[in-house]
Amino acid sequence: QVQLVESGGGLVQPGGSLRLSCAASGSISSIYAMGWYRQAPGKQRDLVAHITSVGSTNYADSVKGRFTISRDNAKNTVYLQMNSLKPEDTAVYYCNVQVITTTWRRGDYWGQGTQVTVSS
C-alpha cells in the first residue's frame, strides 16, 4: 500500500503565503506524476498544479504566477508554494500521486486533504 501525509495548511490573510507538503511512502517503485487539487464547499475537485517525473509542470489558470509546484524525488515529496493568496483560494487541498508499486502495478493515491483558508 501507499500512504500520503499532507501538511502545511492553515489560516492566512489575503496576500499571504503558505507552503503545502505531501510525502508518499510505502510500496513504491517509482512515482511518475504528482499533483495538487482543491475542492471548495459545494464545488467539484479541480486540478491546481501537476508535475511529472522529469519536472514538467502545468497549472490552473487561476493560480499561474502565484503558485509553484515542486518535488523532491529522493524524499518522494511534492510541495505547493502558494503566494499572493486570495479568498477564492480557500478550499481543501488534496495531493495526488501516480505510482508504479513494488508489485509493478499502476496506482493512483490521494492524501487526506488539508484546509487552506484565506481570510482577513
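Buried means under 20% relative accessible area, exposed over 50%, and partly exposed in between (1.4 Å probe, protein chains only). The model is predicted: local features need pLDDT of at least 70, side-chain atom pairs count only at pLDDT 80 or more, and totals for chains, interfaces and linings use all residues. Residues are numbered from 1 along each chain as its sequence is written, and side-chain values use heavy atoms, with hydrogens and water left out.

**Exercise 1.** Locate the disulfide and classify its two cysteines as buried or exposed.

*Solution.*
1. A disulfide is a pair of cysteine sulfur atoms within 2.5 Å. Searching the whole structure gives 1 disulfide.
2. Cys22 and Cys95 form this bond, with an S to S distance of 2.0 Å.
3. The pair links distant parts of the chain, 73 residues apart: Cys22 belongs to strand β3 (residues 18-26) and Cys95 to strand β9 (residues 91-101). Strands are DSSP runs (E, at least two residues), numbered from the N terminus.
4. Cys22 has a relative accessible area of 0% and is therefore buried. Cys95 is likewise buried, at 0% relative accessibility.

**Exercise 2.** Describe the surroundings of Arg38 and identify its side-chain polar contacts with Asp89 and Tyr93.

*Solution.*
1. Arg38 is part of strand β4 (residues 28-39).
2. Because its relative accessibility is 15%, Arg38 counts as buried.
3. A polar contact is a pair of N or O atoms within 3.5 Å; within protein, one must be able to donate a hydrogen and the other to accept it, and residues adjacent in sequence count only if both atoms are side-chain atoms. The Arg38 side chain makes such a contact with the side chain of Asp89 at 3.0 Å, and with that of Tyr93 at 2.9 Å.

Methods: Helix = DSSP H or I, 4+ residues; strand = E, 2+ residues; numbered from the N terminus.
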